[in-house]
Amino acid sequence: MADIWKPKLGINIKVLTPGLFLFQFYHKDDMKWMMNNGPWSFDNAILVTNTIPARGDLTKVPLNEVEFWIQIYDLPSGYMAESVGKQLGNFFGSFVSYDLSNNTSNWHEYMRIKIKVDVHVPLKINKKLYKKDKSDFMVNYKYEKLADFCFVCGLLTHTEHFCKKKISGEVDDSSWE
Ligand SMILES: [Zn+2]
């Protein structure tokens, strides 16, 4: 991770328990940059990060939220607006920000927004929206920098190979591509 982040003032990394790491940055800006430019992956698994309190049990720090940029496709013209982005962001996860530099009023293939997702909740596939005249359309979206995740249940916490749902046979027909 140090090779990827290249913190200007260095970093100290400790393994707390298998799969749980403590990263100590020597400058606030280095840490902020890392927190704002994720998601990061290690060994093809998503790295879930959080800041820690000055004291307390480090193994109890909640590690369940990851921020992603997503690209939303198939929006009809006139739907490239921050209010639409907020609604979609809060459907796919929780809305964080709207990429104004990408989402201009000029024609663009997709809308780009940042969302926060809970890694213990399955990722959503798409969303049906209704126009004022009650006709509907489907928007699809793509995650930027998405590491491996489970194509069976949509969770980021494991891959298909380790899926309990797949092993127990309770698999529905929704497919991930
Ligand atoms: Zn699974």
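This is a predicted model: local features need pLDDT of at least 70, side-chain atom pairs count only at pLDDT 80 or more; totals for chains, interfaces and linings use all residues.
Is Asn 103 buried or exposed?

1. Asn 103 counts as buried, because its relative accessibility is 5% and the cut-off for buried is under 20%. To find Asn 103 in the viewer, go to the loop between strand E6 (94-98) and strand E7 (111-118).

2. Look next at what the side chain of Asn 103 is doing. It makes a polar contact with the side chain of Asn 102, at 2.6 Å. A polar atom of the Asn 103 side chain also lies 2.8 Å from the backbone nitrogen of Arg 112.

3. Which residues does Asn 103 touch, once those up to four places away in sequence are set aside? The answer is Met 80, Tyr 98, Tyr 110, Met 111, Arg 112 and Ile 113. So Arg 112 turns up on this list as well as in the 2.8 Å pairing through its backbone nitrogen, and Asn 103 itself counts as buried.

4. Now for the largest pocket, which holds about 910 Å³ of space. It is lined by 34 residues, and the ones closest to its centre are Gly 19, Leu 20, Leu 47, Val 48 and Leu 63. Strand E1 (11-17), strand E2 (20-25), helix H2 (28-36) and strand E4 (45-47) are the elements that each give two or more residues to this lining. E2 gives the most, with 6 residues.

5. What is the lining of the largest pocket made of, by residue class? There are 22 nonpolar residues, 10 polar ones and 2 charged ones. Domain 1 (2-37) and domain 2 (65-162) each supply at least three residues to the lining of the largest pocket.

6. The second largest pocket has about 320 Å³ of space. Its lining consists of 19 residues, with Met 35, Thr 49, Glu 65, Val 66 and Glu 67 lying nearest the centre. The elements that put two or more residues into this lining are H2, strand E5 (65-73) and E7.

7. By class, the lining of the second largest pocket comes out as 9 nonpolar, 6 polar and 4 charged residues. Here too, at least three residues come from each of domain 1 (2-37) and domain 2 (65-162).

Terms used: Residues are numbered from 1 along each chain as its sequence is written. Side-chain values use heavy atoms; hydrogens and water are left out. Helices (H or I, at least four residues) and strands (E, at least two) are DSSP runs, numbered from the N terminus. Buried means under 20% relative accessible area, exposed over 50%, partly exposed in between (1.4 Å probe, protein chains only). A polar contact is a pair of N or O atoms within 3.5 Å; within protein, one must be able to donate a hydrogen and the other to accept it, and residues adjacent in sequence count only if both atoms are side-chain atoms. Contact means heavy atoms within 4.5 Å. On a 1 Å grid over the protein atoms alone, a cavity is a set of points where a 1.4 Å probe fits but cannot get out, and a pocket is an open set with protein on both sides within 12 Å along at least five of seven lines; lining residues have an atom within 4 Å of a point. Grid points are joined across faces, edges and corners, and a volume is the space filled by probe spheres set on the points. Ala, Val, Leu, Ile, Met, Phe, Trp, Tyr, Cys and Pro count as nonpolar, Asp, Glu, Lys and Arg as charged, and the others, Gly among them, as polar. Domain bounds come from an automatic or database domain assignment.
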